[in-house]
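Work through these exercises with the structure in view. Try each task before you read its solution.

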Amino acid sequence: MNDIILYDGILYKVIDNMDNDNIDKNNKYQLLERYFQITKNCFKYYNHIDEAIHEKDKPLVQFDIRHIKDMKIIDSNIFEEYKLNGNKIKFTFAIFLNQNSDFFTFLLDNEDFGNSLFNLMNLLKNYYDDKKA
């Protein structure tokens, strides 16, 4: 039951280019398209949907939703010079994990989809937080 996909789709992961000598310094960030899946207790993403189908046990990143320390919606104007497939960025959010102070920043060009994704993850996070209390 925990493996049932509740939500999936495409989002863009933000990579900070300032630490990488091989990336164009004119662009502060690199935006990478990723296919993601959310199950009852897990968030994971792959390079693309084919990897999720053929190598579902090998996501690029996977974490337990119970390990989310905080989630924040970020002002998308920070990325106003960037486009997602020619579209303006409409929704930006960050996920902060308890483990190793890890965090992820994601962008979407559809505000409704972004709000739905954020609200679902927040609902699941709060569900597990309430169970701990």
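This is a predicted model: local features need pLDDT of at least 70, side-chain atom pairs count only at pLDDT 80 or more; totals for chains, interfaces and linings use all residues.

Residues are numbered from 1 along each chain as its sequence is written, and side-chain values use heavy atoms, with hydrogens and water left out.

**Exercise 1**

Classify the aromatic pair formed by Y7 and F113.

*Solution*
- Start with the rule. Rings of Phe, Tyr and Trp (its six-membered ring) pair if their centres lie within 6.5 Å; planes under 30 degrees apart count as stacked, over 60 as edge-to-face, and the rest as tilted.
- Now apply it. The centres of Y7 and F113 are 5.4 Å apart, with 20 degrees between the planes, and the pair is stacked.
- Locate the partners. Y7 sits in strand β1 (residues 7-16) and F113 in helix α2 (residues 111-132), so the pair links parts of the chain 106 residues apart. Helices (H or I, at least four residues) and strands (E, at least two) are DSSP runs, numbered from the N terminus.
- Widen the view. The structure holds 20 aromatic pairs. Ring pairs join Y7 and F113 to a cluster that also takes in F36, F43, Y45, F63, F91, F93, F104, F106 and F118.

**Exercise 2**

Decide whether F79 and Y82 are buried or exposed, and classify their pair.

*Solution*
- Recall the cut-offs: buried means under 20% relative accessible area, exposed over 50%, partly exposed in between (1.4 Å probe, protein chains only).
- F79 has 4% relative accessibility and counts as buried. Y82, at 8%, is buried too.
- Their rings lie 6.3 Å apart, centre to centre, with 65 degrees between the planes. The pair is edge-to-face.

**Exercise 3**

Find the two contacts of R66, one with Y128 and one with D64.

*Solution*
- A charge sits over a ring if NZ of Lys or CZ of Arg is within 6 Å of the ring centre and within 35 degrees of the ring normal. R66 lies over the face of Y128, 5.2 Å from the ring centre.
- A salt bridge is a side-chain nitrogen of Lys or Arg within 4 Å of a carboxyl oxygen of Asp or Glu. R66 forms one with D64, at 2.6 Å from N to O.
- R66 is partly exposed, at 35%.

**Exercise 4**

*Solution*
- The count is three salt bridges.
- K125 and D129 form one of them, at 2.6 Å from N to O.
- These two are four residues apart in helix α2, so about one helical turn separates them.
- K125 is buried, at 9%, whereas D129 is partly exposed, at 24%.
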